[in-house]
Amino acid sequence: MTLQDILKLAPVVPVLIIEEEAHAVPLAKALVAGGLYALEVTLRTPVALEAIRRIAGEVEGAVVGAGTITTAAARQSVADAGAKFGVSPGLIEGEGFDGPVPLLPGIATATELMWGLRAGYSHFKLFPANIVGGVGALKAFASPFPQAVFCPTGGVSLENAPDYLAQPNVICVGGSWVAPAQAVRDGDWGKITELARAASQLGKTA
């Protein structure tokens, strides 16, 4: 699958911080059951790589990716663990689109966007979306950079996601609200499936 194919699987890519390896598979299954298939496991905990490995091997329907990639070495590590895509909070010096896994780099300014386009990227994470202008920034980028496609992340919620998804240059949004930390700790997978199901319907019309 191309990065575009992956990002088009659902309107929301869950951004996951997995603290315990035992949570990885049931969490991923709950999200997939709710209709969210592309899952971003952030490299913010010691168990992140093993969580990616287990989801990749054990959860049918999940397309697992890795977030918080900040080095070329991390990009290779997540590929070795079975990740199908990577997400970075910014542009990584020397790293272009081609690599061990397709990368969705974060940008916050027009200058960064121009650097990313020159490096061969066409899809970007607007991050942190709520701080760098949100929908207004996306509208401003649309005219000078018509080739750029975005996944806004940072401060995105069930309430404001429709505003982002309504923008023609937005392919999906990233959000952590579909997997609340307390629900994960409690093993309340039913609640997470409900949240995922609501998120999966965003942007759809009757």
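**View 1. Helix α2 meets helix α9.** In α2, H23, P26, L27, A30, L31 and A33 meet W189, I192, T193, A196 and R197 of α9, with a contact being heavy atoms within 4.5 Å. Sorted by type, the residues of this α2–α9 contact come out as eight nonpolar, two polar and one charged (Ala, Val, Leu, Ile, Met, Phe, Trp, Tyr, Cys and Pro are nonpolar; Asp, Glu, Lys and Arg charged; the others, Gly among them, polar). This is a predicted model, where local features need pLDDT of at least 70 and side-chain atom pairs pLDDT 80 or more, while totals for chains, interfaces and linings use all residues. Residues are numbered from 1 along each chain as its sequence is written, and side-chain values use heavy atoms, leaving out hydrogens and water. Helices (H or I, at least four residues) and strands (E, at least two) are DSSP runs, numbered from the N terminus.

**View 2. How α2 and α9 cross.** The axis of α2 and that of α9 (residues 189–200) come within 7 Å and cross at roughly 40 degrees; the axes are lines fitted to C-alpha atoms over the stretch in contact, with angles from 0 to 180 degrees between N-to-C directions. That angle makes α2 oblique to α9 (under 35 degrees is roughly parallel, over 145 roughly antiparallel, 65 to 115 roughly perpendicular, the rest oblique).

**View 3. H23, a histidine tucked into α2.** H23 sits in helix α2 and is buried, with a relative accessible area of 11% (buried is under 20%, exposed over 50%, partly exposed in between, with a 1.4 Å probe and protein chains only). Setting aside its neighbours within four places in sequence, H23 is in contact with I18, V184, R185 and W189.

**View 4. Helix α2 against helix α3.** Here the axes of α2 (residues 21–33) and α3 (residues 48–58) come within 9 Å, crossing at roughly 40 degrees. This pair is therefore oblique too. On the α2 side, E21, A24, V25, A28 and K29 make the contact; on the α3 side, E50, A51, R54, I55 and E58 do. By type, those residues split into five nonpolar, no polar and five charged.

**View 5. The buried side of α3.** A48, A51, I52 and I55 are the residues to look for, as they are buried in α3. They cover an arc of only 100 degrees around the axis, so they sit on the same side of α3; the arc is that of the directions from the helix axis to the C-beta atoms. Their cover includes α2, β2 (38–42), β3 (63–67) and α4 (72–81).

View 6. V47 is in the loop between β2 and α3. Apart from neighbours within four places in sequence, V47 is in contact with I18, E19, E20 and E21. From V47 to R75 is 28 residues in sequence and 16 Å in space, C-alpha to C-alpha.

**View 7. The two faces of α4.** A74, R75, V78 and A81 are buried in α4. Looking down the helix axis, these buried residues fall within an arc of 125 degrees, so they line one face of α4. The face turned away from that buried side carries A73 and D80, which are exposed. Among the elements covering the buried residues of α4 are α3, β3 and β5 (103–107).
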